[in-house]
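Trainee: May we go through this structure by question and answer, beginning with the basis of the values?

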Amino acid sequence: MRGRPKAELVLSELEREQLKALTMRRKTAQALALRARIVLASAEGLDNKTVAARQRVDVHTVSKWRSRFVADRLDGLLDAPRPGAPRTIGDAQVDAIIAKTLESVPAGATHWSTRTMARAADLSQSTVARIWRAFGLQPHRQETFKLSTDPFFVEKVRDIVGLYLDPPLKAMVLCVDEKSQIQALDRTQPILPLAPGIPERRTHDYMRHGTTTLFAALDIATGKVIGELHRRHRSSEFLQFLRTIEANVPPKLDVHLVMDNYGTHKTPSIKAWFARHPRFHVHFTPTSASWINQVERWFATITEQYIRRGTHRSTQQLEQAIRQYLDLNNANPNPFVWTKSADDILASIRRFCLRISDSGH
């Protein structure tokens, strides 16, 4: 072995529990949590390079905190005092601000602002802002999530991701779905065009001119889309779209359809059609997991690039615009590249579940 020998790192049961607590507590600074994870991984006998790769840090960072822990134990993970004027805000005050931010809300509001927290803590607004910034707290932000409760979630994820990463031979994999209730909207006054220093401007109100539904099947290998427009969204329209898919796929190929659990996909007429067409193989996505269907990403693209800011004075005009986008897409298709394996996805969901399990809800 090359290099200087490392001092043995052995943890007592108390130290191990304290380090684990640092990695799991919501009020722990992320820098301190990272140092605790480095020490725990090092105590498992892993070399610095392996620990660095797992924690996504530099090897020198691992060596530094390993050495400091060996020398000073838990105290070695704390930041050393810095030069300059002494702190006027103590650790107890900082801890109280963090706890108040995470565990309470102000009267008459759903979340804290720097001003309301400053008044409640008798501190300056800039001080609260610095504390929040240091600990990555952003009470004004909110994100959404939905965990699938499908009992066959794992099996379905492995099945669909397997299609993406290793498609079957002599077969076409199509991601199928419908974008329903696309509105033909026109503004109540003319749009003012873009000018130097002035963004495009439009009225906030609009006039509705009907809706349409886009049925789409995305070929994951080429990025081409088989599209069809209908005014209604029933199993009869979906059955017609299946016939369109059949007409556009060479007869010698099997067809694997990735689609969701919407009611129109499971009616007796649809099941009977699939029974009469054995080259079609259906792969249902887990419930509440539309993110695994690649056509959803394509729907987001057409919405961002073509529909959201478009103005259409009739449903026919809207449908004509969508058909034009389909032609442009298929003239120069660009398939999405799926990189996550099923194991990566499941591990990510597991980490998220562990994180929210300590949220107090």
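Predicted model: local features only at pLDDT ≥ 70, side-chain atom pairs only at ≥ 80, totals over all residues.

Mentor: Residues are numbered from 1 along each chain as its sequence is written, and side-chain values use heavy atoms, with hydrogens and water left out.

Trainee: Which strands stand at the edges of the open sheet of five strands?

Mentor: Helices (H or I, at least four residues) and strands (E, at least two) are DSSP runs numbered from the N terminus, and two strands pair if DSSP finds at least two bridges between them. The order in this sheet is E3-E2-E1-E4-E5, with mixed pairing. One side of each edge strand is left without a neighbour in the sheet, because each has a single partner strand; these strands are E3 (225-230) and E5 (280-284).

Trainee: What is the bridge partner of Val258 in E5?

Mentor: Strand E4 (residues 254-259) and E5 run parallel and are joined by five bridges. Within E5, the partner of Val258 is His283.

Trainee: What angle does the direction of helix H9 make with that of E3?

Mentor: Contact means heavy atoms within 4.5 Å, and H9 (residues 235-248) touches strand E1 (171-187), strand E2 (206-219), E3, E4 and E5. Axes are lines fitted to C-alpha atoms, for helices over the stretch in contact, and angles run from 0 to 180 degrees between N-to-C directions. The angle between H9 and E3 is about 150°.

Trainee: Which elements are included in what covers the buried residues of H9?

Mentor: Buried means under 20% relative accessible area, exposed over 50% and partly exposed in between (1.4 Å probe, protein chains only). Among the buried residues of H9 are Phe238, Leu239, Phe241 and Leu242. Their cover includes E1, E2, E3, E4, helix H10 (268-276) and E5.

Trainee: Is Thr303 buried or exposed?

Mentor: Thr303 is placed in helix H11, and H11 (residues 294-307) lies across E1, E2 and E3. Not counting residues up to four places away in sequence, Thr303 touches Lys179 and Arg308. Its relative accessible area is 12%, so Thr303 is buried.

Trainee: Which backbone nitrogen does the side chain of Asp150 reach?

Mentor: Asp150 lies in the loop between helix H7 (125-134) and H8, and counts as buried at 9% relative accessibility. Leaving aside neighbours within four places in sequence, Asp150 is in contact with Lys156, Thr285, Pro286 and Thr287. At 2.8 Å, the side chain of Asp150 reaches the backbone nitrogen of Phe152.

Terms used
Polar contact = N/O pair within 3.5 Å; in protein donor to acceptor, adjacent residues only side chain to side chain.
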